Amino acid sequence: MIYKRILVAMDGSEGSKQALQHANELARNNGAELILVHVKNEAHLPLYGGVYPVSAGGTQIIQEEVERAEKGEIEKGEEILRKAKEEISPDIKVSAALLGGDPSASICGYSEKNNIDLIVMGSRGLSGIKKWVLGSVSQKVLSEATQAVLITK
């Protein structure tokens, strides 16, 4: 099978860096385009001693903290994507997207809407009870995606 549009899920981990290396080679061999994606963590309301402040001033403080956290997540995601782009061979067409929401659903949804032929991602290496309780993004993408999925180790 020849892949023309390869999505690489980047989270900054060693596993995603290895996935990027594999995808870079696949893109070079197939003349494919690479689409790098990062799914940012969603900013949540901070808890103060287990409760939310209910005064008007407290509400403003919460909003500012959420906005600061959101900005930080965007900056982190942009940095991960920028560094990943630097690792791509110059002869390969590359684009990047910063996504939000549930990671596996975001990756699968983006892949479906953007005619992705192959999803490449690293394995987080969860084992035992953690894998059973938490699952993993790569495992969920593998089971939910309609495209081919390559999980690297």
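What share of the 153 residues in the protein is buried? Buried residues make up 37% of them. The model is a predicted one.

## Overall layout

The protein has five helices and five strands. From the N terminus, the elements run β-α-β-α-β-α-β-α-α-β. The exposed surface comes to about 9100 Å². Carbon and sulfur atoms supply 54% of that area.

The largest nonpolar core holds 18 residues. Ile 6, Val 8, Met 10, Leu 20, Leu 34 and Leu 36 touch the most other members. Helix α1 contributes the most, with four residues. A second core is separate and has 15 residues, including Ala 9, Ile 107, Val 141 and Ala 145.

Ile 6 has contacts well beyond its sequence neighbours. Leaving out residues up to four places away, Ile 6 touches Ala 23, Leu 26, Ala 27, Ala 32, Glu 33, Leu 34, Ile 35, Leu 118 and Val 120.

Helix α1 has 17 residues. From first C-alpha to last, α1 reaches 24 Å, close to the 24 Å expected at 1.5 Å a residue. Its buried residues are Gly 15, Ser 16, Ala 19, Leu 20, Ala 23, Asn 24, Ala 27 and Asn 30. Gly 31 follows α1 and has a positive phi, near 65°.

In α3, the buried residues are Ser 104, Ser 106, Ile 107, Cys 108, Tyr 110 and Ser 111. Their cover includes β1, β2, β3 (94–99), β4 and α5 (137–144).

Most residues other than glycine have a negative phi. Asn 115 is not a glycine, yet its phi is positive, about 55°. Asn 115 sits in the loop between α3 (103–113) and β4 (118–122). Asn 115 counts as exposed because its relative accessibility is 57%, and the cut-off is over 50%.

## A buried glutamate

Glu 33 is in strand β2. Is Glu 33 buried or exposed? Glu 33 is buried, at 14% relative accessible area. Its side chain makes a polar contact of 2.8 Å with that of Arg 5. Beyond four places in sequence, Glu 33 touches Lys 4, Arg 5, Ile 6, Lys 93 and Ser 95.

## Salt bridges

The structure holds eight salt bridges. In one of them, Glu 70 meets Lys 40 at 2.7 Å, N to O. This pair links distant parts of the chain, 30 residues apart. Glu 70 lies in helix α2, and Lys 40 in the loop between β2 and α2. Glu 70 is partly exposed at 23% relative accessibility, whereas Lys 40 is buried at 12%.

Glu 75 and Lys 71 meet at 4.0 Å, N to O. Because they are four residues apart in α2, about one helical turn separates them. Residues three or four places apart in an α-helix point the same way, because the helix has 3.6 residues a turn. Glu 75 is partly exposed, at 43%, and Lys 71 is exposed, at 51%.

Glu 86 bridges to Arg 82, with the closest N and O atoms 2.4 Å apart. This pair, too, is four residues apart in α2. Glu 86 is exposed, at 53%, while Arg 82 is partly exposed, at 39%. Shared partners join Glu 79, Arg 82, Lys 83 and Glu 86 into one salt-bridge network.

Note on methods:
Residues numbered from 1 in each chain as written. Predicted model: local features only at pLDDT ≥ 70, side-chain atom pairs only at ≥ 80, totals over all residues. Heavy atoms only, no water. Helix = DSSP H or I, 4+ residues; strand = E, 2+ residues; numbered from the N terminus. Buried < 20%, exposed > 50% of the residue type's maximum accessible area, 1.4 Å probe, protein only. Core = buried A, V, L, I, M, F, W, Y, C linked by side-chain atoms within 4.5 Å. Contact = heavy atoms within 4.5 Å. Polar contact = N/O pair within 3.5 Å; in protein donor to acceptor, adjacent residues only side chain to side chain. Areas by Shrake-Rupley, 256 points an atom, 1.4 Å probe, with all protein chains shown as cover. Expected span 1.5 Å × (residues − 1). Salt bridge = Lys/Arg side-chain N within 4 Å of Asp/Glu carboxyl O.
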